[in-house]
Amino acid sequence: MKYLIVFLIVLSFGVSAQENKQPNILWISCEDISPRLGCYGDPVAQTPNIDRLAEQGMRYTNVYTSAPVCAPCRSGIITGMYQTSIGTHHMRTSHEGKTKELPTPYAAVPPHYVKAFPEYLRTAGYYCTNNAKTDYQFSGFTDVPVSIWDESSSKAHYKNRKNKDQPFFAVFNYTLTHESKTWLEPYKTNPDSVFVPPYYPDTEPVRRSIARLYDNINRLDSIVGEHLKELEEEGLADNTIVFFWSDHGDGLPRGKRWLYDSGLKVPLIIRWPGNIKPGEVNDQLISSIDFGPTVLSLANVSKPYHMQGIPFLGNQKEEARDMVFSARDRFDESYDMVRSVRDKRYRYVRNYYPNNAKIIWVPFRNRSPIMQELLRLKAEDNLTADQADWFEQTRAPEELFDCIADPYQLNNLANDPTYKKILVEMRNELDAWQKETEDLGKYSEEELINRWYPQGVRPTTKPVHFIPNTEGNRNANIIEGGDIKFPCTLTLYAATQGASIVYSFDKGEDPDWSLYNGPLRLEKGKYKIRAKAIRYGYHHSEESIIELKVR
């Protein structure tokens with residue numbers, strides 16, 4: 001058995017890992033913040049640790065998410081693909097909400113060739129951990145594909161890898177800055193010190209909510225400092241690339257859920273010792289779907305052809321984007337369809353439901369103190385023009401904004417003849433993107449589910465079978481167990497197209513699952529091997545178990 005363990009270690013790590021050519025990669029991600037950080041010039045933010053990280057690395061100033069809300073955006077980040085291309089664009093698929101008539105819950109079923117990018121890292125020898133949010137939309141909260149992560153839990157940590165020389169990709173997600181955390185007392189930031197944008201009323205509840213957001217960012221900053229200190233203490237800082245990012249813009253009304261900069265523009269800071277000059281600032285356009293392909297590039301792992309994200313660092317770095325694209329669809333109980341494209345100056349927005357009110361019914365959002373203030377003042381007919389515009393009962397079919405002259409996107413230029421050429425160019429860019437990426441927003445949610453769930457039943461991945469390469473059976477026949485002759489290897493097979501396979505030699509209810517990547521070489525001895533197959537959006541297969549004696 002010890003020879004088997006040695007073989008699997010060598011197989012898992014590969015030559016490049018042994019030669020230490022693969023860097024460690026640490027992601028520190030948060031929720032619901034725009035670049036409200038000291039290093040981005042915010043005078044209120046108290047973020048000394050994040051600011052120090054920016055001083056040691058590169059600060060990106062033109063980064064936008066593919067969706068202004070977490071689950072659709074995170075599904076794009078983990079796959080390197082637009083949520084509108086893989087059917088994960090509605091927020092969210094795993095619960096019913098206030099009404100029971102929606103076609104939820106369900107798990108979206110991406111194309112069979114789509115994999116979460118950590119699977120490619122695991123194949124290349126990385127130890128991949130996630131602590132702990134997933135929210136990928138192609139699984140529920142309890143059946144996240146085990147093929148993606150070595151560990152995914154509140155205890156997941158790169159320190160848990162058995163061999164400390166194994167390179168790691170570790171994600172730590174923090175919800176401290178989530179929109180709901182701005183509803184709570186107390187606050188420490190002085191409400192009088194915060195800036196109130198013109199689309200909010202300048203009232204005490206509004207200022208308190210913004211102040212609480214700064215409080216939460218300050219708490220997050222302390223945690224970032226702990227992670228950076230931990231890398232130093234472990235002696236890993238010099239060989240670890242650190243990312244800090246948010247999953248979309250501010251978790252405040254007209255931020256989160258909106259296809260304006262307030263909902264889409266996010267901070268991104270990357271420290272790469274020896275490769276990024278400390279204190280650099282980069283203004284290239286980046287989409288959140290570029291994060292995963294960039295990690296593959298940094299890890300010297302080839303980017304799969306189907307991925308739509310563009311690596312912006314590493315040996316596979318591609319030409320910078322001219323445009324970034326984003327989408328808004330159902331939010332909780334209410335349907336919508338909006339698409340947007342932005343270059344470095346202009347944002348174009350297309351509303352597919354122009355007869356709908358600008359504000360759709362989202363009960364969760366309406367609990368926000370800022371939203372409560374807006375609704376109160378609307379009922380009292382006491383809003384300014386910029387605030388009242390948000391409550392219009394119809395929408396312009398198209399919107400065009402000069403984001404430099406109009407940073408809050410309040411002045412729609414779509415009907416201004418001066419900007420006709422720009423409007424047509426960006427309209428055409430959006431048309432081309434929707435065609436190229438096969439935007440699934442053109443289908444109703446029910447149509448998509450009927451396509452994925454024949455007869456309304458969620459499919460189950462086919463089970464794993466075992467095929468030996470041994471004397472008398474050279475990868476020809478499936479076996480159920482028994483004796484096989486040394487030397488031999490064992491192939492694992494599942495009939496579901498696109499399925500990943502995991503296996504384990506562990507006993508007990510919570511085994512460590514290894515990602516299958518080719519025949520297992522078995523030395524002489526007795527084995528009990530467990531395996532199951534995973535197809536994103538399907539139920540996992542039932543567990544297959546085989547008992548073998550290699551003699």
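Predicted model: local features only at pLDDT ≥ 70, side-chain atom pairs only at ≥ 80, totals over all residues.

Me: Why is the pair of Trp27 and Phe291 called edge-to-face?

Reply: The ring centres of Trp27 and Phe291 are 6.3 Å apart, and rings pair if their centres lie within 6.5 Å. The planes stand at 80°, and planes over 60 degrees apart count as edge-to-face. The pair is therefore edge-to-face.

Me: What makes this a tie between separate parts of the chain?

Reply: Trp27 lies in strand 1 (residues 24–30), whereas Phe291 lies in helix 8 (residues 291–298). These parts are 264 residues apart in sequence, so the pair ties them together. Both Trp27 and Phe291 are buried. Ring pairs also link Trp27 and Phe291 with Phe117, Trp149, Phe169, Phe243 and Trp245 into a cluster.

Me: What makes the pair of Phe138 and Tyr536 stacked?

Reply: The centres of the two rings are 4.7 Å apart, with 5° between the planes. Planes under 30 degrees apart count as stacked, so the name applies to Phe138 and Tyr536. Phe138 is in the loop between strand 4 (127–131) and strand 5 (151–152), and Tyr536 is in the loop between strand 22 and strand 23. The two residues are 398 residues apart.

Me: How do you know whether Phe138 and Tyr536 are buried or exposed?

Reply: Buried means under 20% relative accessible area. Phe138 has a relative accessible area of 1%, so it is buried. Tyr536, at 3% relative accessibility, therefore counts as buried.

Me: Which term, buried or exposed, applies to Thr84, and why?

Reply: Thr84 has 0% relative accessibility, so it counts as buried. This residue is found in helix 4 (residues 83–86). Leaving aside neighbours within four places in sequence, Thr84 is in contact with His89, Ala327, Asp329, Arg339, Trp433, Glu438, Asp439 and Leu440.

Me: What are the pairing partners of strand 4, and in which sense does each pair, parallel or antiparallel?

Reply: Strand 4 pairs with strand 6 (residues 168–174) in the parallel sense over five bridges. Here Asn130 has Val171 as its bridge partner. Strand 4 also pairs with strand 5 in the parallel sense, over two bridges. On that side Asn130 stands opposite Ser152. Two strands pair if there are at least two bridges between them, so the two bridges to strand 5 meet the requirement.

Me: How do you know that strand 6 is largely enclosed as well?

Reply: Seven of the seven residues of strand 6 are buried, so it too is largely enclosed by the rest of the structure. Phe168, Ala170, Phe172 and Tyr174 point one way, and Phe169, Val171 and Asn173 the other way. Strand 6 is also joined to strand 1 by six bridges, and these two strands run parallel. Asn173 of strand 6 is the bridge partner of Ser29.

Me: What makes strand 17 and strand 20 edge strands?

Reply: They belong to an open sheet of five strands in the order 17-23-22-19-20, with mixed pairing. Strand 17 (482–484) and strand 20 (514–515) each have a single partner strand, so one side of each is left without a neighbour in the sheet. Within this sheet, seven bridges join strand 22 (residues 525–534) to strand 23 (residues 544–550), and the two run antiparallel. Lys526 stands opposite Lys549 in strand 23.

Key: Residues numbered from 1 in each chain as written. Heavy atoms only, no water. Helix = DSSP H or I, 4+ residues; strand = E, 2+ residues; numbered from the N terminus. Phe/Tyr/Trp six-rings, centres within 6.5 Å; stacked < 30°, edge-to-face > 60°. Buried < 20%, exposed > 50% of the residue type's maximum accessible area, 1.4 Å probe, protein only. Contact = heavy atoms within 4.5 Å.
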